[in-house]
Amino acid sequence: MTDATQHSGAYVRETLAEAREAPGRFFGPIAWMRQHLFGSVIDTLLTFLGVAIIAWLAWQVIDFAFLRAVWTGENGEVCRKEGAGACWPYVEAYWKQFVYGRYPIEERWRPTLVFALFAATLVPLAIPSVPYKRLNVFLFLVAFPVVSFFLLTGGVFGLVEVETTVWGGLLVTLIVALTGIVCSLPFGILLALGRRSKLPIIRILCIVFIEFWRGVPLITVLFMASNMLPLFMPAGMEVDKLLRALIGVALFTGAYLAETIRGGLQAIPKGQYEGAMALGLGYWQMMGLIVMPQALKMVIPGIVNSFISLFKDTTLVLIVSLFDLLGMIQASLADPIWISPVTGKTGYFVAAVTFWVFCFGMSRYSQWMERRLATGHKR
Amino acid sequence: MTKTMIVATFGVALAASVAGASAGTLDDVKAKGFIQCGVSQGLAGFSQPDSAGNWAGLDVDFCRSIAAAIFNDTSKVKFTPLSAKERFTALQSGEIDVLSRNTTWTMSRDTKQGKFAGVMYYDGQGFMVRKSLGITSAKQLGGASVCTNTGTTTELNLADWFRTQKLDYKVVSFEKSEEVVKAYDAGRCDVLTTDASGLYAERLKLTKPDEHIVLPEIISKEPLGPMVRQGDDAWFNVVKWTYFALLSAEEAGVTKANVDEMKAKSENPDIKRLLGKDGSFGTDIGLTNDWAYQIVKLMGNYGELFEKNVGETSPLKISRGINALWSKGGLQYAPPIR
């Protein structure tokens, strides 16, 4: 500064220099790559290693599922050759069973209709901008289950009765997961409140219940429900197997959710409770209007975590001989007509992709919901 | 008043349910109009769903044969797929009427869990080798490496057998059957061993199934058969004689195709008794006299069921071996109907 004033004017700029773009070293894709991918020798090596692994994996999948795949054929003979990839004709012959199980062919429009109703009620419910949420909730939580129940089991309105033993595939997976999710959430909320209750009997009952269900593995619960229960019950009395599994799964997940939600409740500052009480709100109003909305919002990741794990745990119903998607695929692998070195791999590939799509979908939706509801707390 | 009514209603309902449970299974089955049959969740050739969603296999066809004998209608069966763990509970609790689920007949099962009505398939541990080795008997396997599952009776049987034969061998064992098959296919061992019926299904998973053969030696006894509850002789008789009728029909040369002709023309007294033209053997066990005719007419004889599901005409291509009739060097033998 002092230098500039002492020297002669010829060296003094009168206008500001044009703003130039920052040098490519600091901005733009190349700079980003230099910074994040090739920052140092080790970074560069790791980048190449990572890319190589991803490319190799992708190549394996593409090679198996498309390039080497067998696309047409009447039976497993076409897939019994060296170097064959995915056996798609097997999936083509069986995909309806993967979806419906052994549901009678001429009655399959019923589960199809249930799938359609499910989508029709869930999608508008999941999109916040669609109006009539109250009606929608009623349709989804009351009308849809009742209608689906009668549609699927039949025996009324001239519908043929279809026993749950022939249900299977994706149908059973979705029924178990959805019933589990819908029933366990309110149940978990009540248990969480009960565990923090000031009434000792309720508190002890809730603690005993939660700790009991958290203490036994789901597979034990299902096994007990399907194998021990019939021995205890009077002869001739039978509770439907699917129903037993549904109750087991709902109670089990409910106990886990209760603990997740209790975590959220504990994170609510005392001032919120005191503020609500100062406003003259009763217990249920305080919980319903002030505490629960904040607590639930905070534990969305935990709740969805439980739901995703519930969705994957549905595969355990195979041990009580209910054929969910994976069970159906495994059963089909025993068909001697389609046995081949790649049939198993193809079946499991289909199962993996299907499960991934559902779980990833749930995960993305929950993250989006979290961002939408993020009104405070985040710093 | 209402209280006594409730008690009375409850009492009647309870009495009815107890009575319902204590009546014979045969009467129960006739009353409800179908047989509840326990099968496996998927075992190639024995019970597996086909791509149309129907159950197929040897164990499945046996239940259909019982339905043919009782109802003259093979569709009057409902199948309950069962895991190995829940099968006996299902039988004892009355959830199923007959357990036709590749269950090995052992003394403890036959005396405690239920009763075996026959042997649908004489299984046992066998060996598979590459044809290119030029081996025709397991006794030539000295020094071979053998692929098997870890910690199963298969491994113990293997050790016993090689010891009694005074042969050297090397065991290559894996946790899962898929790994065993893969290792064998990759040439890591010369021999693959498991139950013979399983060997034929595993063979289809190899890259070149035709280049492998199953050796004739069977080194363990695994008789697989249908099972019923204890203490219900009428039902036991029906299941047992359904099995014998299948065998007798094969022995007498009565097939699905010629059964009508046989019934009309045959003068053979055995066939006349079997098909209900002589005697009252059917009505004596609570069925109709043409029960065996219905079985053969609707399902076929034992040989036909075997060929259709697991034999040479099926993808499994299992040879009859010890499952041939006694008159053809096998073990399948039915007492006479008279």
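At what angle do helix α4 of chain A and helix α15 of chain A pack, and how far apart are their axes?

I noted before starting that this is a predicted model, in which local features need pLDDT of at least 70, side-chain atom pairs count only at pLDDT 80 or more, and totals for chains, interfaces and linings use all residues. Residues are numbered from 1 along each chain as its sequence is written, while chains are lettered from A and ligands numbered from 1 in the order in which they are written.

**Entry 1, a helix pair in chain A.** I looked up α4(A), residues 88–100, and α15(A), residues 343–373, and found that they pack at about 45° with their axes 12 Å apart; helices here are DSSP runs of H or I with at least four residues, and strands are E runs of at least two. That angle makes α4(A) oblique to α15(A), since angles under 35 degrees count as roughly parallel, over 145 as roughly antiparallel, 65 to 115 as roughly perpendicular and the rest as oblique. Tyr90(A), Val91(A) and Phe98(A) of α4(A) make the contact with Thr343(A), Thr346(A) and Val350(A) of α15(A), contact meaning C-beta atoms, placed from the backbone, within 7 Å.

**Entry 2, chain B against chain A.** I then turned to the contact between the chains, which takes 33 residues from chain B and 30 residues from chain A. On the side of chain B that touches chain A, α1(B) gives the most, with 4 residues.

I recorded 14 helices and 13 strands in chain B, whose C-alpha trace spans about 80 × 60 × 40 Å along its principal axes.

Definitions and conventions. Axes are lines fitted to C-alpha atoms, for helices over the stretch in contact, and angles run from 0 to 180 degrees between N-to-C directions.
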